[in-house]
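Biologist: I would like to learn how to read a fold feature by feature, with the general idea stated before the particular case. Could we take one topic at a time?

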Amino acid sequence: MQPIIQIQGIGKTYASGFTALKSVDLEIHRGEIFALLGPNGAGKTTLISIICGLVNASSGRVLADGVDIVEDYRRARSLIGLVPQELTTDAFETVWDTVSFSRGLFGKPADPAYIEKILRQLSLWDKRRSMMRALSGGMKRRVMIAKALSHEPSILFLDEPSAGVDVELRRDMWEIVRGLRDNGVTVILTTHYIEEAEEMADRIGVINRGELMLVEEKETLMQQLGQKQLHLYLQTPLAALPEGLHAFNLTLSEDGSQLTYTFDAHHETSGIAELLRNLSAEGIDLKDLQSQQSSLEEIFVSLVHRPEQAQ
C-alpha cells in the first residue's frame, strides 16, 4: 500500500543561515496515528508547516496521497487539515459560523449535516451558537480541530494538540484523536508530552536539531531501546559493592539497602540467575525484588541528550 505521506530529502535553511531541517526522509502510513517527538526547536513545526504548504522547503519533495504539494498545491492542500498550536479564531463569530466558513474556504459546498456531525463528534453541538470569545481554552481547541476537519481531509496534522490544556481535557483530546483515526483519518501529531505519544501513537518518530533520529513502531521501540531494571531490596544494608559483584551492571543506593541491576530483556540471557547465585555466595540476603521496564520518556531523553558528534 502506498504511504499517504511521502517526505523525500526535505531540508530547510533560512536566510540567516540557520538550518532547521537536514534532509528528512519519512513515510507515514494510511490510517495510523504518527507521533513526532522532539524538544522545542527540534524542527517539528517546520516540518509540518512545509507539508501543509505554509513554509517553502529548501530541498526535497513531499507527496500527499501521491500528489506533489508544490506542483499541485490546491489539490494537495484539500487533502490536509491542520490544527496549529496557536488558537486563532474570530472572537465574535459563533462556533457554527467559524467551522462553516472554514469549509467554504476550500471551495466545498455547504453541508449542514456534515458540520453537525463533526460538532457532535467533538462534543461541540451544544456550543454551536456560542461566540468563540465565550469558550474555554479546551473548547477553542476542539473548534480548531472542527475547522481543520470541515473540508473532509484524509490527513490531519495536530501541532502540540494539548498544549496549555489541563490533564482532564488532554485525555479527552486523546479520545477525540483515536475516534478520528477510527473514522479513517490519518493523524500526525507533534508533541513534547511523552505520555501523549506513549498513550496514542501507532508509530513514533524522534526529531532533534533538524534530524530525524529514528522512526519505529511504538511497541518495537520500547522493546529495542527499553532496558529493564531489577531492583533488589536487601535484608542488611551494604557499605560498598562486594568485589564479587563488580562484573554485573549494578548500582548501590546511597543508604546501601537496594541494588539495581540493569539488563537487556531481549538478550539471550538476562544474567539474573547468575547474579542471584553470586549474591548468595556473598552471603547477601534479599528482602524483596521487582523488575521495571524503561519508560518511553527515559528512551526519549537518552536519544535527544546524546552528545553532538564532532564536526
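Predicted model: local features only at pLDDT ≥ 70, side-chain atom pairs only at ≥ 80, totals over all residues.

Biologist: How many bridges join S1 to S2, and which residue in S2 is the bridge partner of Ile10?

Modeller: Strand S1 (residues 5-13) and S2 run antiparallel and are joined by 6 bridges, and the partner of Ile10 in S2 is Val24.

Biologist: Turning to helices, which residues of H4 are buried, and which are exposed?

Modeller: In helix H4 (residues 112-121), the buried residues are Tyr114, Ile115, Ile118 and Leu119. Because these residues cover an arc of only 135° around the axis, they lie on the same side of H4, whereas Pro112, Ala113 and Lys117 are exposed on the other side. The cover over the buried residues of H4 includes helix H3 (95-105) and helix H5 (137-149), and just after H4, Ser123 takes a positive phi of about 55°.

Biologist: Which residues of H3 are buried, and what covers them?

Modeller: In H3, the buried residues are Val95, Thr98, Val99, Ser102 and Arg103. They too span an arc of only 135° around the axis, which places them on the same side of H3. Their cover includes H4 and H5, and just after H3 comes Gly107, with a positive phi of about 75°.

Biologist: How many aromatic pairs does a search of the whole structure find, and how should I read them?

Modeller: For each pair, one reads the distance between ring centres, the angle between planes and the place of each ring in the chain. The search finds 2 aromatic pairs. Trp96 and Trp125 form an edge-to-face pair, with 6.1 Å from centre to centre and 70° between the planes. This pair links distant parts of the chain, since Trp96 is in helix H3 and Trp125 is in the loop between H4 and H5, 29 residues apart. Trp96 counts as partly exposed at 24% relative accessibility, while Trp125, at 17%, counts as buried. For Phe248 and Tyr261, the ring centres are 6.2 Å apart and the planes are at 80°, so this pair is also edge-to-face. Both Phe248 and Tyr261 are buried.

Biologist: Where do charged groups sit over rings?

Modeller: Here one looks for a charged end above a ring face. Arg128 lies over the face of Trp125, at 3.9 Å from the ring centre, and the charged end of Lys12 sits over the ring of Tyr14, 4.8 Å from the centre of that ring.

Biologist: Is Glu160 buried or exposed, and which residues does Glu160 touch?

Modeller: Glu160, in the loop between strand S7 (155-159) and helix H6 (167-182), counts as buried because its relative accessibility is 3%, and buried means under 20%. Leaving aside residues up to four places away in sequence, Glu160 touches Lys44, Gln85, Arg141, Thr190, Thr191 and His192.

Methods: Residues numbered from 1 in each chain as written. Heavy atoms only, no water. Buried < 20%, exposed > 50% of the residue type's maximum accessible area, 1.4 Å probe, protein only. Helix = DSSP H or I, 4+ residues; strand = E, 2+ residues; numbered from the N terminus. Arc of directions from axis to C-beta. Contact = heavy atoms within 4.5 Å. Pairing = 2+ DSSP bridges. Phe/Tyr/Trp six-rings, centres within 6.5 Å; stacked < 30°, edge-to-face > 60°. Lys NZ or Arg CZ within 6 Å of the ring centre and 35° of its normal.
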